[in-house]
Amino acid sequence: MASPAKVKTLTTSDPHAVTEALNPKTTKFEFAGPIGALGVSVVTPVTLYLLHLGCSEISGGCPPPLLSLPSTLQSSRWLNAMWDTNVFLVYLGWYAYCLLCWRVIPGDWVEGTVLRNGGKKLYKMNGFACGLLTLGLVVGIILHHGPLSFTYIYDHYLALVSASIVFAFFQACAVYALSFRKGALLALGGNSGNVLYDWFIGRELNPSFPWADSINFDLKTFNEVRPGLILWLLNDISCMCEQMVRRGRHAWPTDSMILINLFQGLYVVESLWNEKNILTQMDITSDGFGFMLAIGDLAWVPFSYALQARYLAFTPRELGWVQSAIVFALNFAGYYIFRVSNTDKDNFRHGKNPKNNLKSMKTARGTELITSGWWGLSRHPNYWGDWMMALAWCMTTGFHTPITYFYIVFFVVLLTHRAMRDDEACRNKYGDDWDKYKKIVKWRIIPYIY
Ligand code: NDP
């Protein structure tokens, strides 16, 4: 492990390290260019509201009767619930609390991948400790004061969604403006010159500002694992508390509510535990930080991913032993594939192949590609495990409404698109070797299917 004192990092704001040649113009658009960027920027927040409109008590059910929708939209109750300045301040307080935890809780300092300017960034790894502290505080509050003391997130859901969207919007504008300072290392895909597109996709690779540089604070990784991911878990817990309050004194949550909290809690906690794994992910190594990542991390993850728990809060359902066992088995089979494949790749990339059991292919780029084990079955076995978990999460709500299955549909689209983006990025990185590798490992995600 490195420490900030021992390692000389070339930060991205080093004016001598970044020349114009390092920041070439982006000539190829993703997401269908500026029109697509505008579309995603509008559709993402609208979808967050629609998920509430289409599945909530205020609107009359999940889904509500179609005829009631116009009156719901006009009703002051729904509109009033959308904005609350106090809630916005609470949200800012939450973000500040996460910053404080990052700053004061000790953690290992880990080097990221080599940047185009030859430098490396240092990242503080204390996400797990921050998550654990927060969880401890929340559990302490609930045990001491009862479930009613932790229904705030459920009660102010729409206002919190709005607060996170507004905050993400301003954050994206700020980092876009700051990316014009001298010496900024831009993302290869975010320097098209089109304001809307670059703002959306992220103009600067690792947005920074003077005080952040001096303490090695990285906004992109911070946003990715802390304020949104931990809030997702708190959101689930808040929904569980709401359900308990409704079921009456001393009542337990339903089995479905326990399962969704267990599954998603494990996913969040283990992401925090394996925090350093994100340093080799595409979002960190090559994507810039713009509105796409800001709204994804801060609003989409904590609020759309908690849809099942929110539904179960106002529609309690018992699954029974058989259905619970099926959902449990599906989740943990998916988790096994997800964890083993991600660990295999991560160990391999860190020069560890303990039993030398993984075959690999040499490439002209220098890094080898695994061609056996899970990575011999498909080019993204970890996505396949993630999909199985996503399906299990949706199935905790039974088969009473299609709306709670939104997550699996969205996730199939997201990871299929991500696999295509990664395929293109790897073609650029590995050239002809990538085509050779694709002949050895033929399937994209699920063997014999896709
Ligand atoms: P991958 O973990 O598949 O990483 C792709 C990279 O791995 C490639 O660019 C390449 O980089 C390297 N690689 C590809 N093939 C091989 C190989 N055969 N051997 C060794 N290295 C290889 O994708 P992601 O980073 O997108 O996903 C990581 C995890 O995060 C997944 O489990 C995914 O499901 C999850 N995820 C979850 C999301 C959510 O919202 N819940 C969103 C996005 C992802 P290089 O060769 O340069 O090392």
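Before I look at any atom pairs, I need a cut-off: I call a pair of N or O atoms a polar contact if they lie within 3.5 Å of each other. I also remind myself that this is a predicted model.

**Entry 1**
I checked Asp 386 and found a polar side-chain atom 2.5 Å from an oxygen atom of the ligand. That distance of 2.5 Å falls inside the cut-off of 3.5 Å, so I note the pair as a polar contact. Asp 422 also has a polar side-chain atom by a ligand oxygen, at 2.7 Å. Tyr 267 faces another kind of atom: its polar side-chain atom is 3.1 Å from a nitrogen of the ligand.

How much of the ligand's accessible area does the protein cover? I get 90% of the 920 Å² that the ligand has on its own.

**Entry 1: the shell**
Next I looked at who does the covering. The shell holds 24 residues, and those that come nearest are Arg 349, Tyr 383, Asp 386, Arg 418 and Tyr 430. Sorted by class, I have 13 nonpolar, 4 polar and 7 charged residues around the ligand.

Which elements give two or more residues to this shell? My list reads α16 (320-349), β4 (369-370), α18 (381-395) and α19 (406-430). Of these, α19 gives the most, with 8 residues.

Then I asked where the ligand sits relative to the domains. Domain 1 (82-318) and domain 2 (319-450) both put residues into the shell, so the ligand lies between them.

**Entry 2: salt bridges**
I searched the whole structure and came up with 18 salt bridges. One that I followed up joins the side chains of Glu 318 and Arg 247, at 3.5 Å from N to O. Glu 318 is in the loop between α15 (307-314) and α16, while Arg 247 belongs to helix α11 (residues 227-247), so this pair ties together parts 71 residues apart in sequence.

**Entry 3: a nonpolar patch**
On the surface I found a nonpolar patch made of Leu 38, Val 42, Val 46, Leu 50 and Leu 196. Together they have about 390 Å² of accessible area. Helix α1 (residues 33-53) supplies the largest share of the patch, 4 residues. Leu 38 is found in that helix.

I stopped at Ala 32, in the segment before α1. Its phi is near 60 degrees, a positive value in a residue other than glycine. Further on, Cys 62 and Pro 63 are joined by a cis peptide bond, with omega at about 0 degrees. Pro 63 is in the loop between α1 and α2 (69-74).

Key: Residues numbered from 1 in each chain as written. Predicted model: local features only at pLDDT ≥ 70, side-chain atom pairs only at ≥ 80, totals over all residues. Heavy atoms only, no water. Near = heavy atom within 4 Å. Polar contact = N/O pair within 3.5 Å; in protein donor to acceptor, adjacent residues only side chain to side chain. Areas by Shrake-Rupley, 256 points an atom, 1.4 Å probe, with all protein chains shown as cover. Nonpolar A, V, L, I, M, F, W, Y, C, P; charged D, E, K, R; others polar. Domains from an automatic or database assignment. Patch = residues over 30% accessible without salt bridge, like charges linked within 9 Å, V, L, I, M, F, W, Y side chains within 5 Å. Salt bridge = Lys/Arg side-chain N within 4 Å of Asp/Glu carboxyl O.
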